[in-house]
Amino acid sequence: MIIRMNAFAQLRAGRAGRRIPQLLIGLVGYGAAVMVLVRSGLGTASWSVLTDGTAKTLGISFGWATNLISLIVLLAWIPLRELPGLGTLLNVAIVGFAADATAAVLPAPHGTLAESGYLVVGLVALAFFDALYLGAQFGSGPRDGIMTGLVRLTRLPVAVVRTGIDVAVAGIGWALGGSFGVGTVLVALCMGPLIGCFLPLLTVRLPAATAGERCSR
């Protein structure tokens, strides 16, 4: 159960000793997982296709393109009435730089087996760390805020909403020249169900939280 809270309620909700490390590990791991998928060469996450296309179009690094898109996507929160929090701000600040740092140390895979390994590990890690930072209950990142907002408004399952978003974003990224492959299709189809499996296991229970609207994932 994710509790919908404003930033002040998130900070007062308790269990900060677990929630803050979980948030930070989740965000760093998410950025690293994004780059593992990129390095697989078999296709990456839908948002990364858009990021890659944006980076190529503007001539900037993948990390800077990630942060730029994060800021732009926040504008879509206005009609969805999403509530930002510490996780929202840190997502913008950390994920792109974690991706760039991973790119500097992660070796390129050699051979189809290694590329497939990068793809599978990156996919599972991306879903796990996404659910990990969301489960800290400090608010969604810019991209996940679109997902959580639509889940709340439409009452549709996470898997359905996330898959629809991923397909649309991948199409826009491909049109901009972003890298697209079989892995992109796999990620688009699997991310929603995987997050739906991980999120109930990783969400921090906050019985003391009194503010906000409860919204089931």
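Arginine 155 is found in the loop between α8 and α9, where helices (H or I, at least four residues) and strands (E, at least two) are DSSP runs numbered from the N terminus. The model is a predicted one, in which local features need pLDDT of at least 70 and side-chain atom pairs count only at pLDDT 80 or more, whereas totals for chains, interfaces and linings use all residues. Residues are numbered from 1 along each chain as its sequence is written, and side-chain values use heavy atoms, with hydrogens and water left out.

Arginine 155 has a phi near 65°, a positive value in a residue other than glycine. With a relative accessible area of 67%, arginine 155 is exposed; here buried means under 20% relative accessible area, exposed means over 50%, and partly exposed lies in between (1.4 Å probe, protein chains only). Glutamine 137, placed in the loop between α7 and α8, likewise is not a glycine and has a positive phi of about 60°. Glutamine 137, however, counts as buried, at 3% relative accessibility. Most residues other than glycine have a negative phi.

The protein has ten helices and two strands, and from the N terminus on its elements run β-α-α-α-α-α-α-α-α-α-α-β. For 217 residues, a compact globule would have a radius of gyration near 17 Å, and the 16 Å of the protein agrees with this; the radius is taken over C-alpha atoms, and the globule rule is 2.2 Å times the number of residues to the power 0.38. Along its principal axes, the C-alpha trace spans about 50 × 35 × 30 Å. Buried residues make up 52% of the 217 residues. Among contacts (heavy atoms within 4.5 Å) between residues at least 6 apart in sequence, 81% join residues at least 24 apart.

The largest nonpolar core has 43 residues, and those with the most contacts inside it are Trp47, Leu126, Met147, Ile165 and Met191. To this core α7 gives the most, with nine residues; a nonpolar core is a set of buried Ala, Val, Leu, Ile, Met, Phe, Trp, Tyr and Cys residues joined through side-chain atoms within 4.5 Å. With neighbours within four places in sequence left aside, leucine 126 is in contact with Tyr30, Ala33, Val34, Leu37, Ala45 and Met191. A second, separate core consists of six residues, including Ile3, Met5, Ala9 and Val204. Alanine 9, in helix α1 (residues 7-12), counts as buried at 7% relative accessibility, and its C-alpha atom is separated by 9.3 Å from that of phenylalanine 138, 129 residues apart along the chain.

Helix α10 (residues 182-202) has 21 residues that should span 30 Å at 1.5 Å a residue, and its end C-alpha atoms, 29 Å apart, agree with this expectation, which is 1.5 Å times one less than the number of residues. A kink of about 40° lies at cysteine 190 in α10, shortly before proline 193; the bend at a residue is the angle between axes fitted to the seven residues ending there and the seven starting there. Among the buried residues of α10 are Gly183, Val187, Met191, Ile195 and Leu202, and the buried residues of this helix pack against β1 (2-4), α2 (16-40), α3 (46-58), α7 (112-135) and α9 (158-175).

Phenylalanine 128, in helix α7, counts as partly exposed, at 29% relative accessibility. Beyond neighbours within four places in sequence, phenylalanine 128 is in contact with Phe198 and Leu202, and its C-alpha atom is separated by 8.1 Å from that of leucine 199, 71 residues apart along the chain. In helix α2, glutamine 22 is buried, with a relative accessible area of 7%. Apart from neighbours within four places in sequence, glutamine 22 is in contact with Leu132, Tyr133, Gly135, Ala136, Leu202 and Val204.

Helix α6 (residues 86-105) has 20 residues and reaches 28 Å from its first C-alpha to its last, close to the 28 Å expected at 1.5 Å a residue. A kink of about 30° in α6 is centred on valine 92, which is itself among the buried residues of this helix, together with Asn91, Val95 and Ala99. The buried residues of α6 pack against α2, α4 (62-73), α5 (77-80), α7 and α8 (142-154).
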